[in-house]
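Please find below a colleague's note on the structure shown here. The points are numbered and may be checked one by one against the coordinates.

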Amino acid sequence: MTAWSFTLRSLAVQTGTAYELEAPGPGGLGNPPARTQDQERGQFAGDVGGDDVFQRRVITIPVAVLGAAGDPDDCRTKLRALQTAWRPSDVDLDLTMVVAGETLTYSGRPRGCEADVELLGQGVCRAFLTFEALTPYAAGSSESVPVP
């Protein structure tokens, strides 16, 4: 299995910590949706293609929050720390992702930490993190941006 790490505001989600990546894993790492500017051709059939560009990238991260030795109070404290790290921001922040030794940094804003506390009594919570990379390309990536 590939080792993943996501860090925002110095809080890391990674294997071997109290914040473990859950199945099915992160979402939003393929091509983001395209914003298209096609125009109708008036009385003719079809459209004329305009400029197509990527929209923002929405990255989702399912996380298990683990309390030390199954302690519900410790789990609650760690969940609060996660929620604090993923609170809204008035400025763009960096989400640093490491996968298979490659470091990628996305610039954007955290857009939520939904919590499921159904298993809190067992010292486990689940969270679903959302980050919107307003620029869809990562710094440090090998992606190329076409120049018109």
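1. E10 and E11 pair in the antiparallel sense over eight bridges. Two strands are said to pair if DSSP finds at least two bridges between them, and helices (H or I, at least four residues) and strands (E, at least two) are DSSP runs numbered from the N terminus. Within this pairing, glutamate 114 has phenylalanine 128 in E11 as its bridge partner.

2. The model is predicted: local features need pLDDT of at least 70 and side-chain atom pairs count only at pLDDT 80 or more, whereas totals for chains, interfaces and linings use all residues. Residues are numbered from 1 along each chain as its sequence is written, and side-chain values use heavy atoms, with hydrogens and water left out.

3. On its other pairing, strand E10 (residues 102-116) is joined to E9 by seven bridges, again in the antiparallel sense. Aspartate 94 stands opposite serine 107 in E10. E9 and E10 form a hairpin with two residues between them, and alanine 100 in the turn has a positive phi of about 50°.

4. Which strands make up the open sheet, and in what order? Seven strands take part, in the order E2-E1-E9-E10-E11-E8-E3, with antiparallel pairing. Strand E2 (11-14) and strand E3 (19-21) stand at the edges with a single partner strand each, so one side of each has no neighbour in the sheet. On average, neighbouring strands of this sheet are turned by 40° against each other, direction ignored. Axes here are lines fitted to C-alpha atoms, for helices over the stretch in contact, and angles run from 0 to 180 degrees between N-to-C directions.

5. Helix H1 lies across strand E1 (4-8), E2, E3, strand E8 (57-66), E10 and E11, and runs at about 165° to E8. Cys75, Leu79, Leu82 and Ala85 of H1 are buried (under 20% relative accessible area; exposed is over 50%, partly exposed in between; 1.4 Å probe, protein chains only). They cover an arc of only 120° around the axis, which puts them on the same side of H1; the arc is that of the directions from the helix axis to the C-beta atoms. The cover over the buried residues of H1 includes E1, E2, E3, E8, E10 and E11.

6. Glutamate 132 is found in strand E11. Is this residue buried or exposed? Glutamate 132 is buried, with a relative accessible area of 14%. Apart from its neighbours within four places in sequence, glutamate 132 is in contact (heavy atoms within 4.5 Å) with Arg56, Arg57, Val58, Ser107, Gly108, Arg109 and Arg111.

7. Rings of Phe, Tyr and Trp (its six-membered ring) pair if their centres lie within 6.5 Å; planes under 30 degrees apart count as stacked, over 60 as edge-to-face and the rest as tilted. By this rule there are three aromatic pairs. One of them, tryptophan 4 with phenylalanine 6, is stacked, at 5.9 Å centre to centre and 5° between the planes. Tryptophan 4 is partly exposed at 22% relative accessibility, whereas phenylalanine 6 is buried at 1%.

8. The rings of tryptophan 86 and phenylalanine 131 have centres 6.3 Å apart and planes at 85°, so this pair is edge-to-face. Tryptophan 86 lies in the loop between helix H1 (72-85) and strand E9 (93-99), and phenylalanine 131 in strand E11 (residues 124-133), so the pair ties together parts 45 residues apart in sequence. Both tryptophan 86 and phenylalanine 131 are buried.
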